[in-house]
Amino acid sequence: FELISRVFTSAVMKADGEVLCQEQETPPPQKPRREWKCLLCSKKNSEDNKVCQVCGRQRGHNPKEYEKRLQEIRSWNDEEKEEGSIADYCGLFFGLIILALILAVLTWAYYQDKEEHMRSMNDEEL
């Protein structure tokens, strides 16, 4: 593995050691790393790999069966969205009823406490 940031320098100096000018040369840029993309998991793999690093499929694998199954599952989801019945909202209605009951109990408890406090204030005044 070569260092990418390798720099060669040469300098022109005066007799007292002061640098007048300095030249820097960088090595030629390296070739870009070639990659291939797995069609199943979309992972980019180096050209040296013959199988995908994530899913283990061979290079050039075309997931036709996977695509067919995915289309089938998507069509099921589309059919379910179109139906929409009242049964789909039972959980929501049940939750709203429970919320209303809780709020009613809290309101009742607040007024009961307020009434009791008023009675205790009247008893103290007498």
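**Salt bridges, a buried asparagine and a nonpolar surface patch**

Arg34 and Glu47 form a salt bridge in which the closest N and O atoms are 3.0 Å apart. The pair joins distant parts of the chain, 13 residues apart: Arg34 is in the loop between β2 (19-25) and β3, and Glu47 is in the loop between β4 and α1 (64-83). The model is a predicted one, in which local features need pLDDT of at least 70 and side-chain atom pairs count only at pLDDT 80 or more, whereas totals for chains, interfaces and linings use all residues. Residues are numbered from 1 along each chain as its sequence is written, and side-chain values use heavy atoms, with hydrogens and water left out.

A salt bridge is taken as a side-chain nitrogen of Lys or Arg within 4 Å of a carboxyl oxygen of Asp or Glu. Helices (H or I, at least four residues) and strands (E, at least two) are DSSP runs numbered from the N terminus. For accessibility, buried means under 20% relative accessible area, exposed over 50%, and partly exposed in between (1.4 Å probe, protein chains only). Arg34 is exposed at a relative accessible area of 59%, and Glu47 is partly exposed at 36%.

The whole structure contains 4 salt bridges. One of them pairs Lys68 with Glu65 at 3.6 Å, N to O. Both residues lie in helix α1, 3 residues apart, about one turn of the helix. Lys68 has a relative accessibility of 55% and is therefore exposed; Glu65, at 58%, also counts as exposed. Arg119 and Glu115 form another salt bridge, at 2.8 Å, N to O. These two residues are in helix α2, 4 residues apart, again about one turn of the helix. Arg119 is exposed at 52%, while Glu115 is partly exposed at 41%.

Asn45 is located in strand β4 and is buried, with a relative accessible area of 0%. A polar atom of the Asn45 side chain lies 3.2 Å from the backbone oxygen of Lys43. Leaving aside neighbours within four places in sequence, Asn45 is in contact (heavy atoms within 4.5 Å) with Arg34, Glu35, Trp36, Cys38, Val51, Cys52 and Gln53. Ser42 is in the loop between β3 (35-37) and β4 (44-46). The phi angle of Ser42 is near 70°, a positive value in a residue other than glycine. Ser42 is partly exposed, at 44% relative accessibility.

Aromatic pairs were assigned to rings of Phe, Tyr and Trp (its six-membered ring) with centres within 6.5 Å; planes under 30 degrees apart count as stacked, over 60 as edge-to-face and the rest as tilted. This rule gives 1 aromatic pair. The ring centres of Tyr110 and Tyr111 are 5.4 Å apart and the planes are at 70°, so the pair is edge-to-face. Tyr110 is exposed, with a relative accessible area of 51%.

A nonpolar surface patch is formed by Ile86, Tyr89, Leu92, Phe93, Phe94, Leu96, Ile98, Leu99, Ile102, Leu103 and Leu106, with about 1100 Å² of accessible area together. Patches are made of residues with over 30% relative accessible area and no salt bridge; like charges are joined within 9 Å and nonpolar side chains (Val, Leu, Ile, Met, Phe, Trp, Tyr) within 5 Å. Areas come from the Shrake-Rupley method with a 1.4 Å probe, and for residues only the protein chains shown count as cover.

Methods:
A polar contact is a pair of N or O atoms within 3.5 Å; within protein, one must be able to donate a hydrogen and the other to accept it, and residues adjacent in sequence count only if both atoms are side-chain atoms.
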